[in-house]
Amino acid sequence: MTVSISPAFAGSADHLWSEDPMTRCKFAAPASLTNGPTFWTGTCVDGKATGTGMLRRRDGNRAGPAFFGQMKDGLPQIGVVDLGDGYQVVTSSDNDADRTEIEPQARIDAFRTAAGAARQVGAKYAAEKNTAASQHYDAIAKTLELQVE
């Protein structure tokens, strides 16, 4: 798996806002999720994604990349985008689009936050008695935790 670093937003003054098609919760997704239908699994406060959760890009019935992490007022704070063939660390303090390195502790924190978010999503599905989805996100959490060892 590869790991790359991404600013949460280049030019943070302008955010490209999206909306969960089901809940109408608003958020600005990390650029690495690319454009398309994106769903938020987590808390929505005052109409914006807030707290720990997952942004999942979907193309029809096919799941795309996902951001696991912490949101505040609809903006990613810290976490990881799972691209399927690698990970991209996202932090709100990354304002330099040319930045290619990240402090080791920030990387560790991002993966730990992402693992917690995946576990939270798994718990949501467990509460809904969707065992397959719950196990899937628990496995993702374990994989994310392995990235910091």
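**Notebook: rings and cores**

I started at Lys 124, which lies over the face of Tyr 125, at 4.4 Å from the ring centre. I note that this is a predicted model.

Next I looked up the ring pairs and found three aromatic pairs in the structure. I took Tyr 87 and Phe 111 to begin with: their pair is edge-to-face, with 5.5 Å centre to centre and 80° between the planes. I see that this pair links distant parts of the chain, since Tyr 87 sits in strand S8 and Phe 111 in helix H1, 24 residues apart. I checked burial: Tyr 87 has a relative accessible area of 3% and counts as buried, and Phe 111 is buried at 0%.

I then turned to Tyr 125 and Tyr 137, which form a stacked pair, 5.7 Å centre to centre with 10° between the planes. Tyr 125 belongs to helix H1 and Tyr 137 to helix H2, so I note that the pair ties together parts 12 residues apart in sequence. I find both Tyr 125 and Tyr 137 buried. I also see ring pairs linking Phe 68, Tyr 125 and Tyr 137 into a cluster.

Last, I looked up the cores. I list 21 residues in the largest nonpolar core, where Phe 68, Val 80, Tyr 137 and Leu 144 have the most contacts inside it. I find at least two of this core's residues in each of strands S6, S7 and S8 and helices H1 and H2. H1 gives the most, with eight residues. I record another core lying apart from it, of 11 residues, including Ala 29, Phe 67, Val 81 and Val 90.

Methods
Residues numbered from 1 in each chain as written. Predicted model: local features only at pLDDT ≥ 70, side-chain atom pairs only at ≥ 80, totals over all residues. Heavy atoms only, no water. Core = buried A, V, L, I, M, F, W, Y, C linked by side-chain atoms within 4.5 Å. Buried < 20%, exposed > 50% of the residue type's maximum accessible area, 1.4 Å probe, protein only. Helix = DSSP H or I, 4+ residues; strand = E, 2+ residues; numbered from the N terminus. Phe/Tyr/Trp six-rings, centres within 6.5 Å; stacked < 30°, edge-to-face > 60°. Lys NZ or Arg CZ within 6 Å of the ring centre and 35° of its normal.
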